[in-house]
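I opened this entry to note what I looked up, chain by chain.

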Amino acid sequence: MSGKSIVIDGVGGQGVRVIGNTMASLLTVMGYEVTLLFDYDSSVRGGMSEAFLRYDRAPIDNFVVERADVVLRLADRGPVHLSTDYVIADLGLTKPGETGEEIPFLQLGVEKFGRDLFGNMIALGRLLCVCDVDFTDEHLTAALPKKYIDDNIAAIKYGYGLDRDSIKQIVAEQAASTFAGRYAEKVLAGVAPSEAVELAAARR
Amino acid sequence: MTKKLVQGNEAVFKGAVKAGATFFAGYPISPSSEILAQASVHAASHPEFRFLQEEDEIASVNAILGGSLAGAKSFTATSGPGFSLMQEAVGYGHKVGIPCVIVNVMRVGPGTGMPTMPGQGDLNQTRYGSTGDYTSIVFYPSTVAECYEYTIHAFNAAEESRSPVILLSDAFLGHLNEVADLDEIDVPVVARTLEPLAKGSTRLFSGVATYPDGEPATADSDEFIRQYYESRDQRQAVAEKYAFYEHGWNKDAETLVIAFGITPRVARPLAPYFALFRPIRIWPTLDKELAEIAPRYKKIIVIEGSDGQYANVVERMLLRRVERVPLLGGRMSIEAITLGLDHIGMLPAGFAVDKTSPVKVG
């Protein structure tokens with residue numbers, strides 16, 4: 001497998017750093033050369049938070065990703081000029097003309113694992129699957145922090161195991177819930193992201 | 001061999017510890033704060049290492065000057081606005097002859113500017129920031145592994161030159177996580193050169209011009225000039241031992257790109273078309289080295305994260321025209337570099353630029 005350039009696009013508090021750090025640690029454990037650069041806006045709470053990750057078997061010179069193989073989009077605050085081959089996004093976040101998929105990660109985290117935080121690990125699992133990263137349990141165990149390790153591994157594997165059919169089914173089930181819209185509404189109203197996801201997930 | 005994912009700021013801290021640093025004083029400021037955080041955590045489990053969070057950068061730099069005089073290899077870390085506040089103490093450190101290391105993780109200035117965006121606009125400040133004439137030794141690494149390596153060199157140069165030595169980094173390099181094997185980097189450590197206080201002798205530390213016995217020499221030009229040249233020549237001689245640079249890419253090309261820190265990494269797709277000169281010791285300038293290399297090339301382009309600070313230096317050094325590609329506003333990207341090259345008519349064939357891009361260059 002050759003290397004890839006990944007961008008994780010979100011807002012502060014959504015877990016961009018957690019996903020980026022975990023993926024970078026996993027790839028490092030697997031023997032890849034990895035660069036991971038975080039970019040964030042220091043002036044606004046809930047402002048943009050980006051992770052630019054590159055991995056390869058050869059040393060990496062340019063760590064600035066200007067064209068991504070895959071973008072994981074948890075919010076749409078990323079570089080305007082960034083082009084990408086494939087987008088994995090939470091509901092309602094793919095743009096016209098983009099090739100990709102939408103999955104309600106944060107809501108799945110709440111529903112399947114009891115906390116929105118695990119939505120990050122589900123998203124990571126899906127990202128690893130799309131990138132064709134062939135990891136083992138040993139790699140995961142070595143890469144993940146010990147806290148919640150079993151749940152995190154389960155969530156990553158759940159995300160990794162999603163296929164197009166199951167995604168279609170999940171999205172159809174969630175379509176009526178307008179989760180993403182409610183979530184965005186709460187965040188823009190100043191609610192902390194962790195609280196916003198709980199409020200958005202609550203059925204009206 | 002232990003390859004690990006290491007952050008640039010973390011590598012700086014680890015390099016400092018490897019170099020024998022036992023005192024850090026600082027005040028948090030993006031994008032350098034991880035160095036302070038690392039120092040704080042390290043001090044909690046290493047009683048031989050002392051950490052002090054000060055009320056501001058003026059107190060921080062003066063604390064490390066005091067710590068160094070008291071016997072500890074000392075350092076601080078900051079960014080543009082904090083580095084500005086430190087300048088009076090930098091001059092004092094040069095006048096008195098106090099070894100210490102100041103890490104400046106550059107962001108976009110002036111003022112508060114863009115706190116999390118990378119800039120390279122503090123170059124002149126690291127050379128001319130304080131008052132009077134002094135010889136500043138400054139290094140600027142390019143990779144996380146180099147952050148570790150050149151932090152050790154910075155401490156060594158500080159000890160040998162008995163002066164504050166500056167290690168430059170930037171928001172990208174400081175926050176970059178990269179796979180590195182720091183254990184593989186073997187830089188011999190220079191032992192402490194300054195006798196600690198409380199050894200029984202009386203010592204005078206004065207920013208005022210004095211004779212060796214401590215009497216004021218504030219009106220004795222001959223003595224001042226004697227001391228100035230002595231210290232300048234001694235620090236220049238030390239700097240010569242640390243003449244680090246890279247001459248690479250396509251050395252047979254007609255044009256030489258001069259770039260430093262993160263910039264040559266971002267510009268790497270241009271490697272087949274240009275030769276590269278990457279100064280790692282930024283100050284004193286690498287006059288001899290560049291004078292030997294530059295005449296081989298018809299043209300010279302300086303690509304840098306400021307509006308020509310180093311380009312002006314190179315032009316003055318070589319007494320010939322150099323082209324400029326300024327990367328401003330944190331825009332460190334191949335898009336900005338190729339637009340800049342296109343702007344000066346030096347974009348290699350095979351590269352296309354988006355003429356509608358809002359990125360402004362030159």
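I began with contacts in chain A, where two residues count if their C-beta atoms, placed from the backbone, lie within 7 Å. Of the contacts in chain A with a separation of 6 or more, 61% are between residues 24 or more positions apart.

I noted that this is a predicted model, in which local features need pLDDT of at least 70, side-chain atom pairs count only at pLDDT 80 or more, and totals for chains, interfaces and linings use all residues. Residues are numbered from 1 along each chain as its sequence is written, and chains are lettered from A and ligands numbered from 1 in the order in which they are written.

Next I looked up the elements, which are DSSP runs numbered from the N terminus (helices H or I, at least four residues; strands E, at least two). Chain A has eight helices and six strands. Their order along the sequence is β-α-β-β-β-β-β-α-α-α-α-α-α-α.

I then checked dimensions. The C-alpha trace of chain A spans about 50 × 35 × 30 Å along its principal axes.

Last, I turned to chain B, whose domain bounds come from an automatic or database domain assignment. Chain B has domain 1 (4-184) and domain 2 (246-343). Taken over C-alpha atoms, the centres of domain 1 and domain 2 of chain B are 25 Å apart. I found 24 residues from domain 1 of chain B and 19 residues from domain 2 of chain B in their contact.
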